[in-house]
Amino acid sequence: MRLLRSEAIKLRSVRTTWTMLGIGLLGEALFAGLYVGLASLGEIGSVLDVQTGTGLLMVMLLVLGVLSITTEFRHGTASTTFLATPRRHPVLVAKLVAALGIGLLTGLAFVAVNGGLALTLFSSRGGELPTTGDIASVYAGVVVSFSLLAAFGLGVGAIVRNQVGTIIAALAFFFILSPLPELLPGTIGDYFPAQAIGSLHSLPEATEDGLGQVAGGLVLAAWSLGLWAVGTALVMRRDLSE
Amino acid sequence: MAELEVKNLSKRYGKTVAVDDLSFAVEPGRVTGFLGPNGAGKTTTMRALLGLLAPSAGEALVEGRPPHEMAEPLRTVGAALEATAFHPGRSGRNHLRVLAAAAGIPAARIEQVLEMVELTGAAGRRVKGYSLGMRQRLALAAALLGEPRILILDEPANGLDPQGMRWLRDLLREQAAEGRTVLVSSHLLSEVAQTADELIVIRDGKLVAQATLDELTGKASRLRVRCAAPARLAEALAARGASVETDGGGDGALLAGGIDGEALGELALELGIAIHELTVLRSSLEERFLELTGEEEAS
């Protein structure tokens, strides 16, 4: 608990966290407002398909997860952190919980903004809202994906350690290389992170194109936790000589 | 038992040997200066003692145990390693809050240490805007946070002004007087000469000397005396256990070690020998230090 509090103070006490999440939420509100407000109802189709504005927030959470570990190496605070906890792995556990937590809180903020704006706007324009169950399940998928993305960033950051390198690698992985797995034969491509996020953001029964929602969540969780475990093992062994 | 102990410690980075079979022990209740030229392996040794890097061979022990076995790390060892190891966007106070939270140290202690290092006024500002001296003091505040029994400080005097240096000396003396163990490194002997009770000198990762300041410099200081009856004086000096040899200068002067000028003068008076010249050949601290750590091998 002490370490979790310590990690929470680390996140709260730098402006980067607030700036990134603020921009992410603002962007989401803007996008949801413009798209749902201006596009024709036919174009929108199901209001849940649009994932209005999750993209920017996903980038922010991925990067925040990366920063939660790479800043410690970049600025040398890792030394003081691990002086306070020489066994090291409890710090990584606290960082994981903090990453999942910040994803969860951001996810809830997303739900508040998206639900308040996109759904209200859509129904006020005469659109037919999906069932409460569908709404709840897609929103739950978004929240879970946010949490797991922050954890994913943490894992990659713990492995790579170099801040700029990690951010470029993580962003490239999700936003440039992400279509490549779909070229793989059979359903192998469905088990890659970007595809798993797609599944998470779909309705539970939308299995025609990719995994189901729960399976997608499990696949992404496996990636995030696997990377975190590898990163933790590496951080445990590495010398801190600067 | 020594509070800090290094036993046959070696650390290699590829082919580079940073620390080479180094052994020493640091006792409580005094300030121990850890000296050596830049790159001698001081920081590596300190980091091994703090469990931040794994020795290639040998051990680094804190209170007789490997550092990662410490039950309450921040209450056992406080360390200031680098004045630059802060997140630039975090305030000084928040830096301390992060550490205090991790170690379960009450918030009131944060204000106490800020007061001690005279940073209360700047504590709310981001570290980005701190001078090097302020960063040093923040690093010290972090080291003192847990009221640790052991302090390990790496070049804490860097960037301090003369007033700050004096303040640091007083602080270290105070901590040692309270029975704590204080290990403080420097590449400048003059910085620790007035503070340290004991000196550990290393070069190329190896131990060169571990001695008190007096032992280190006293050994080297000798008297040069020219007198009316050198042979008789030499005999008397030898009888008193002083070392005597004839100076090669041709004027028959003697070089005497292990005796001070007063005692030699009185001895000469007793013997009725007129002294023509008496000089103290003091090897200065810096000279001695350079001798110990210099490039040329002491053969």
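Analyst: Strand 3 (residues 31-35) and strand 7 (residues 181-186) of chain B run parallel and are joined by 5 bridges. Strands count as paired if DSSP finds at least two bridges between them, and the elements are DSSP runs numbered from the N terminus: helices are H or I with at least four residues, strands E with at least two. Bear in mind that this is a predicted model, where local features need pLDDT of at least 70 and side-chain atom pairs count only at pLDDT 80 or more, while totals for chains, interfaces and linings use all residues. Residues are numbered from 1 along each chain as its sequence is written, with chains lettered from A and ligands numbered from 1 in the order in which they are written.

Within this pair, B:Gly33 stands opposite B:Val184 of strand 7. The pair belongs to an open sheet of 6 strands in chain B, ordered 5-6-7-3-8-9 with mixed pairing. At its edges are strand 5 (77-80) and strand 9 (206-212) of chain B, each pairing on one side only. From one strand to the next, the twist averages 15°. Helix 6 (residues 162-177) of chain B lies across strand 3, strand 6 (150-154) and strand 7 of chain B, and runs at about 150° to strand 7. Axes here are lines fitted to C-alpha atoms, for helices over the stretch in contact, and angles run from 0 to 180 degrees between N-to-C directions; contact requires C-beta atoms, placed from the backbone, within 7 Å.

Now for the helices of chain A. Helix 4 (residues 54-74) and helix 6 of chain A pack at about 160°, with axes 10 Å apart, and are therefore roughly antiparallel to each other. The label applies to angles over 145 degrees; under 35 is roughly parallel, 65 to 115 roughly perpendicular and the rest oblique. Their crossing is right-handed, meaning that the near helix is turned clockwise from the far one by less than a right angle, with anticlockwise being left-handed. Among the residues making this contact are A:Leu61 and A:Gly65 of helix 4 and A:Ala99 and A:Ile102 of helix 6 of chain A.

Helix 6 (residues 89-124) of chain A also packs with helix 10 (residues 213-237) of chain A, at about 150° with axes 9 Å apart. This crossing is right-handed as well. Here A:His89, A:Leu92 and A:Leu96 of helix 6 meet A:Trp228, A:Thr232, A:Val235 and A:Met236 of helix 10 of chain A.

Definitions and conventions: Two residues are in contact if their C-beta atoms, placed from the backbone, lie within 7 Å.
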